[in-house]
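I am keeping these notes while I look through one structure step by step.

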Amino acid sequence: MDHAIHRVEHFEIVGPYTLTLRFEDGTEQLIDFRPVLEGEVLSPLQDLDVFNAVELDATFGTIQWPNGADFDPETLHDWPKYRDELITMARSWARTSEPARRTAG
């Protein structure tokens, strides 16, 4: 099975937690990452200063953050196809990362 390999060539921060990404094939995606910033790796990006430290990883053709968070370039390229599934996963990560509550006993 053949499928295209996509690479992010450029990005721009256009709003809080929102990037415009341009790919090697000339297409662009406008992505609001807020709904997926949950879990051990992505929740630190809820801090806007950390999120805005995003950089282009030219080796792998994607974007990355200093804490090691990144996204597969195909996922970014076809974001509308993956968005709802990623949001569902992020919600489950948020539930599992909530601190356990102690009860008096």
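The entries below go from the whole chain to single residues.

**Entry 1: ground rules.** I noted that this is a predicted model, in which local features need pLDDT of at least 70 and side-chain atom pairs count only at pLDDT 80 or more, while totals for chains, interfaces and linings use all residues. I also noted that residues are numbered from 1 along each chain as its sequence is written, and that side-chain values use heavy atoms, with hydrogens and water left out.

**Entry 2: confidence.** I looked up pLDDT, the predictor's confidence in each residue, from 0 to 100, and found that the protein chain averages 90, with 89% of the residues scoring at least 70.

**Entry 3: the layout.** I found 4 helices and 5 strands in the protein chain, and from the N terminus on they run β-β-β-α-α-β-β-α-α. Here helices (H or I, at least four residues) and strands (E, at least two) are DSSP runs, numbered from the N terminus. Of the 105 residues, 34% are buried; buried means under 20% relative accessible area, exposed over 50%, and partly exposed in between (1.4 Å probe, protein chains only).

**Entry 4: the core.** Which residues have the most contacts inside the largest nonpolar core? I found that this core has 24 residues and that the ones in question are Leu21, Phe33, Ile63 and Leu76. The elements that give two or more residues to this core are β1 (8–15), β2 (18–23) and α4, and α4 gives the most, with 5 residues. A nonpolar core is a set of buried Ala, Val, Leu, Ile, Met, Phe, Trp, Tyr and Cys residues joined through side-chain atoms within 4.5 Å. Leaving aside neighbours within four places in sequence, I listed the contacts of Leu76, among them Val8, Leu21, Phe33 and Ile63.

**Entry 5: Gln29.** I located Gln29 in strand β3 (residues 28–32), and Gln29 counts as buried because its relative accessible area is 16%. A polar atom of the Gln29 side chain lies 2.8 Å from the backbone oxygen of His77. Not counting residues up to four places away in sequence, Gln29 also touches Leu19, Trp79 and Pro80, among others.

**Entry 6: aromatic rings.** I found 8 aromatic pairs in the structure; rings of Phe, Tyr and Trp (its six-membered ring) pair if their centres lie within 6.5 Å, and planes under 30 degrees apart count as stacked, over 60 as edge-to-face and the rest as tilted. Tyr17 and Phe51 form an edge-to-face pair, 5.5 Å centre to centre with 65° between the planes. Tyr17 lies in the loop between β1 and β2 and Phe51 in helix α2 (residues 48–51), so the pair ties together parts that are 34 residues apart in sequence. Phe51 also forms a tilted pair with Trp65, at 5.5 Å centre to centre and 40° between the planes. Both Phe51 and Trp65 are buried.

Technical notes. Contact means heavy atoms within 4.5 Å. A polar contact is a pair of N or O atoms within 3.5 Å; within protein, one must be able to donate a hydrogen and the other to accept it, and residues adjacent in sequence count only if both atoms are side-chain atoms.
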